[in-house]
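Hi everyone, thanks for coming. Let's take a look at one chain together, and please keep the picture open while I talk.

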Amino acid sequence: MLTGGATPAGGSRPDRNSPWWSDALADPWRDPAAPAAVVLPAVPVPEAEPEPVVDPDAPGRPVLKQVLLIAVVAALLAGTLGGALGYTFAVRGGAGATVLGAKPGDVPVVAQRKPDSLAGVAARVLPSVVTVRVGGAAGTSEGSGFIASADGHVITNDHVVAGGTGTATVIFNDGSSASATLVGRDPESDIAVIKVNRSGLRPVEFGDSDALAVGDPVLAIGSPLSLANTVTAGIVSALDRTMRAGEPGGPVRYYAAIQTDAAVNHGNSGGPLVDGAGRVIGVNSTIKSLVAEGQEAGNIGLAFAIPINQAKRITQDIIGTGKARRTVIGAEVPGPGAAPSTGGVRLVAVEPSGPAAGAGLKAGDVILRLAGRPLNEPTDLIALVRKFAPGSVVTVEYKRGTDRQSASVTLAADAK
């Protein structure tokens, strides 16, 4: 008996439609004990791709942790890049952003603070400027001063030390202090000299006050209203501005001042007035202000300094002899209560052996000019004479009656 799925010896497969073909499994009359093999027909298998062969040496697929790590790193990099781009746009101005300021360029010359700039001059002079405090019966007086010599001499105003006990405290630019003793003072010129015992001092450089011109730049340095190391700037407003100053009952001070519009206030007294090269050309001394009696004066742009040529000469006299020589012309002029002059200063009297008499001047002569400067008030003559050193020869233009004449006068030192 042939079974399903078996092939005859001849190699051809039996025909299922043949009457001799029998499906043993479907034959109800089959002998269950008959020796026969039951072969089930093969289930047709659809065509499929061959299963890939896995290389055992190839790296394995990334695990979940590796995938997560890559994702986190990528997110961090993206955030960093985004922040950097945002900062760049914010600083440099991105699309639609407001750009502040112009494109940076070269530093302006003024901002470089060269030695001859105002800032450079101030930096060079400030270490030589001091604050001067003097105690007395009426309290503590405070002013300014500046170092005139390496051995400790300090120039200040007489009215700063007047009324003191002879000792003072000097406060330096760096905040340190030292005691000082009075060397000498000259009330009429408003110059005083004190000395500190300290090494390593830097003295100022002196200029020439006779070489100044109106409009020259100047700096005033000192301690106005106890504000130490204050620097103010201005120009020379006028020259030979004759001053008559002094407190009631005190000495009368005469000098031909340098007028400046640099801000000067109480406490600047005795401090230096310096030129554009940092050289001292004056000693700040007084101001004019529009105040009622009893009120404290303040700056209105009218400040006056003693010319340094005069102050330096007086300082040398004080250091050398303890007192200053006073320059005189040997004549008397009307007092403060005299009627105002219409031009020139009339001589009330002439000393027989004085400089004026030696030049041929007489009482009643009207001096119109001294050294080329016009005179209108008695103060003008006194202040201008004080400006010159004893022994100086000055030209005097005067009127005697209706005649105009001139003479050369050799000024002298006061006998006292």
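**A helix and its barrel**

Let me start with helix 4, where the buried residues are Ile308, Gln310, Ala311, Arg313, Ile314, Thr315, Asp317 and Ile318. Buried means under 20% relative accessible area, with exposed over 50% and partly exposed in between, using a 1.4 Å probe and protein chains only. Helices (H or I, at least four residues) and strands (E, at least two) are DSSP runs, numbered from the N terminus.

A word on the source: this is a predicted model, where local features need pLDDT of at least 70, side-chain atom pairs count only at pLDDT 80 or more, and totals for chains, interfaces and linings use all residues. Residues are numbered from 1 along each chain as its sequence is written, and side-chain values use heavy atoms, leaving out hydrogens and water.

How far apart are the end C-alpha atoms of helix 4? They are 19 Å apart, which agrees with the 20 Å that its 14 residues should span at 1.5 Å a residue; that expected span is 1.5 Å times one less than the number of residues. After helix 4 comes Gly322, with a positive phi near 90 degrees.

Now the barrel. It is closed by 6 strands in the order 1-2-3-6-5-4, with antiparallel pairing; two strands pair if DSSP finds at least two bridges between them. Strand 3 (residues 153–156) and strand 6 (residues 191–196) are joined by 4 bridges, and Ile155 has Val193 as its bridge partner in strand 6.

Finally, the whole chain: it has 6 helices and 21 strands, and 34% of its 416 residues count as buried.
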